[in-house]
Amino acid sequence: MARRRPAPAALLILVLAAAFASISSAVRPVSDAHRSAASELFAPSADGSFGDLESTYEAVKTFQILGLDKYKSVTGKACEFAAEKLASPASSSAKDLFHAVRISGVLGCSVDAGVYDVVVARLKAVIKDTNSLLEFYYSVGGLLSIKEQGHNIVLSDAGSTFHAIKALSQSDGRWRYDTNSAESSTFAAGIALEALAGVVSLADAEVDPSMIGVVKSDIVKLFDTIKSYDDGTFYFDEKHVDATEYKGPVMTSASVVRGVTAFTAVASGKLNIPGEKILGLAKFFLGIGLPGSTKDCFNQIESLSFLENNRVFIPLILSLPSKVFSLTSKDQLKVEVTTVFGSAAPPLKVNLVQVLGSDSKVITSENKELQFDCDNNVHYLDIAPLKIDVGKYSLVFEISLQEQDHETVYATGGKNTENVFITGLIKVDKAEIGISDNDAGAAESVQKLDLPKDTKVSLSANHLQKLRLSFQLTTPLGHTFKPHQVFLKLKHESKVEHLFVVPGSARQFKLVLDFLGLVEKFYYLSGRYDLELAVGDAAMENSFLRPLGHLELDLPEAPEKAPRPPAQAVDPFSKFGPKAEISHIFRSPEKRPPKELSLAFMGLTLLPFIGFLIGLMRLGVNMKNFPSLPGPAAFASLFHAGIGAVLLLYVLFWLKLDLFTTLKYLGFLSVFLVFVGHRTLSYLSSASTKQKTA
């Protein structure tokens, strides 16, 4: 019991986090959070580039879709990058030309018509000679992008190109990458449909309607292979492909969305695809939340932009601005119905048709229509009349379009289920604590506790007695409430802690601690124990960690082989705290001589200097032999100045300098004095020799 455990406060935090984790990942339309994430993910390098052409296109296209002005600041560098590839089409691959043309289209780069003529000829040559699906995709896509920029591009052999791409399709709606590929791919189906849509747009004559119908049938078969989750989310994934060709659900689903929306935009009629599958794809991309890579971000945003406006179905997203509601604050249930980018939905009604409990038990099936606030574009409903208590619930909504013509345009998904959490104040009453002597519960002392307030008790017990604690918890609707965490903590004055779970029944929470059976777990530690009760739940607005007082516990002496208390954890930051004051005991100073003796000694030290002065006076010092010529006079002056500097250094040594510093300076002065002194003495010697010879 005394092993190190998380503190009750930390346990309360964990309870709240676990309870809200299942409802925090809500499907919400594209918001400013996505724009901020895109700005951080697509960060240009120091030279202003995003890497290769494909990465550059993904960055500027994402910025354009999200309406970010950031792509304008990289226009010059990106256009220059694209122009380099377009200037040499013969040495550039179809993939590079494809991305370069699309970059120019997104940014409106100025490209000479003659340059595009050469690029068009190069791409048409690739289409004529290839049997690769990817080469068809890049070449047709590049030609279509040039046409969308205002140039007259016609694919004269569109029919044969259409058949060549269609020849790579399989019976299940998937496509092969080329005629040599053994396996088919869902990702390849998406780029094939996009390439076929480009061929139809570039054709100089109408493509065979029967072939268009066959491709529509292939799309329906492709959607038969779609996968789903229990919450109505749909996505595409590969079945059997090599690891090198596997793209993952995000890229595969994005490829299919691009291909299907592109093909339906150029084909007449409507595809026989259920609206809930289109809505499920939208939920899949929105369910990604904020992507962690540039590739996922681009695929998410571009796919949602295609779903925002397409000829199959426009998905309408039902979302809740908040999924936590308080009975105390009488919060309103608010529902938003928008497109994937948050645009307003057509006229519709939202009904709450069912409320399910956490165990899927039906709480109410009463159909309630939500009121519409046209100013804020939200549907709302008061939750008080629903008579639902605190806890987790699943709300089932049904969306009905008011105009029948909209049913073939928008996908609502029928019934939509949203998980919500209801919180409220929990009533705490009939709280008692006491000490008893026997199992019958005849208590020596029973004290009432007012747990909502700060009340403390003082108890005492020995090892033959028992501690009893009981209280009741009631919800706002009068039902017995069972929180996730109820702990009683006993903390000894030596910092040893013991946690006990307070069990609950249908009527009350009750804990009985038999100290006779707990003496070993308490390590035979007598003394004062602080009592602390922790009650916490995500639905409980008044969760608390309340000190109850203290208990003086008298336990028997510990036997010789009794377990010892565990070592208490040391705070790793305690070494950075204040240190204990250190008291030094210094040696008593030695006795000093009298002041008069010190002055007499100083006088004796000055006697040699006085004798030196008297000697100079008796010798008759004069300046007769001082050199008269400028050069020797300068060296003589420096020699005397050096001697004065040495004397000054001695004074400084006496006053403040240490021995090593003094020796360092004295070494420099000695070299100087040797040099100037030698020159001076040499002059005097030569002058004396000349006088003698004269």
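Colleague: Is glutamate 58 buried or exposed?

Modeller: This is a predicted model. In it, glutamate 58 is buried, because its relative accessible area is 5% and the cut-off for buried is under 20%.

Colleague: Which helix does glutamate 58 lie in?

Modeller: Glutamate 58 lies in helix α3, which covers residues 53-66.

Colleague: And what does glutamate 58 touch, not counting residues up to four places away in sequence?

Modeller: Phe42, Lys295 and Phe298.

Colleague: Switching to α12. What should its 19 residues span, and what do the ends give?

Modeller: Helix α12 runs over residues 248-266, and at 1.5 Å a residue it should span 27 Å. Its end C-alpha atoms are 28 Å apart, which agrees.

Colleague: How many residues of α12 are buried?

Modeller: 14 of the 19, so α12 is largely enclosed by the rest of the structure.

Colleague: Where does UniProt place the feature "transmembrane region"?

Modeller: The unreviewed UniProt entry places it at residues 597-621, 633-653 and 665-684.

Colleague: What is the chain over residues 633-653, helix or strand?

Modeller: Residues 633-653 are 100% helix and 0% strand, with 30 Å between the end C-alpha atoms. For residues 665-684 the figures are 100% helix and 0% strand, and the end C-alpha atoms lie 28 Å apart.

Colleague: Last topic, domains. How is the protein chain divided?

Modeller: Into domain 1 (24-315), domain 2 (317-423), domain 3 (427-559) and domain 4 (626-689).

Colleague: How far apart do the C-alpha centres of domain 1 and domain 4 lie?

Modeller: Those two centres are 91 Å apart.

Methods
Residues numbered from 1 in each chain as written. Predicted model: local features only at pLDDT ≥ 70, side-chain atom pairs only at ≥ 80, totals over all residues. Heavy atoms only, no water. UniProt positions renumbered as here; feature names shortened; annotations may be inferred. Helix = DSSP H or I, 4+ residues; strand = E, 2+ residues; numbered from the N terminus. Buried < 20%, exposed > 50% of the residue type's maximum accessible area, 1.4 Å probe, protein only. Contact = heavy atoms within 4.5 Å. Domains from an automatic or database assignment. Expected span 1.5 Å × (residues − 1).
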